[in-house]
Amino acid sequence: MSNIAVVPGSFDPVTLGHVDVITRTANVFDEVHVLVVHNPDKQAMIPIARRVELIEQALVETGAPTNIVVRSWSVGLLVDYCTDIGASVIVKGVRGSNDVDYETPMAIVNRNLARIETMFMMPNPLHAHVSSSLVRQVAKLGGDVSPYVPNVVRDFLQGDTDPNIAI
């Protein structure tokens, strides 16, 4: 059995709750793939390639373990990616019962399709109320997002990024 986990999500943008779940997953598994996926039901604010960069920078900023790789995936099923890299587990951060209700059918289908198990992980309670959509709304209305996101994401959302970096 492999000791590789995949933490998928849209991460639009990555929050401190996401970083918490990713870091704790990396403390349990030998290798963790953070997989930025396209959600066809959502209109993304940040291009996928930039989300990958922001996650990589946020993980360095927060001192996350080094057994984490960040990739994107937009073609095929999540379990196809898991099978390709030898992962046996998908880890999903869940903030409450609504997230569990939403994720459970997908977890069952993923197990049926490819025998990939899904683990649900609660974020630190300090971040359990934060969602990417909440952060986007606060940022759009000019509010302070610093309690909810890594500094690199805060700077990006406030437009304080290097102009030579593609957005």
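Which residues have the most contacts inside the largest nonpolar core? Select Phe11, Val34, Ile55, Leu59, Ile68 and Val91, which hold that place in a core of 32 residues; a nonpolar core is a set of buried Ala, Val, Leu, Ile, Met, Phe, Trp, Tyr and Cys residues joined through side-chain atoms within 4.5 Å, and buried means under 20% relative accessible area with a 1.4 Å probe, protein chains only.

Keep in mind that this is a predicted model, in which local features need pLDDT of at least 70 and side-chain atom pairs count only at pLDDT 80 or more, while totals for chains, interfaces and linings use all residues. Residues are numbered from 1 along each chain as its sequence is written, and side-chain values use heavy atoms, with hydrogens and water left out.

Next, colour helix H2 (48-61), which gives the most to this core, with five residues; helices are DSSP runs of H or I with at least four residues, and strands are runs of E with at least two, numbered from the N terminus. Centre on Ile55, which, leaving aside neighbours within four places in sequence, is in contact (heavy atoms within 4.5 Å) with Phe11, Val14, Val34, Val36 and Val70. Apart from this core lies another, of twelve residues, among them Leu78, Tyr81, Ala87 and Ile90.

Terms used
Buried < 20%, exposed > 50% of the residue type's maximum accessible area, 1.4 Å probe, protein only.
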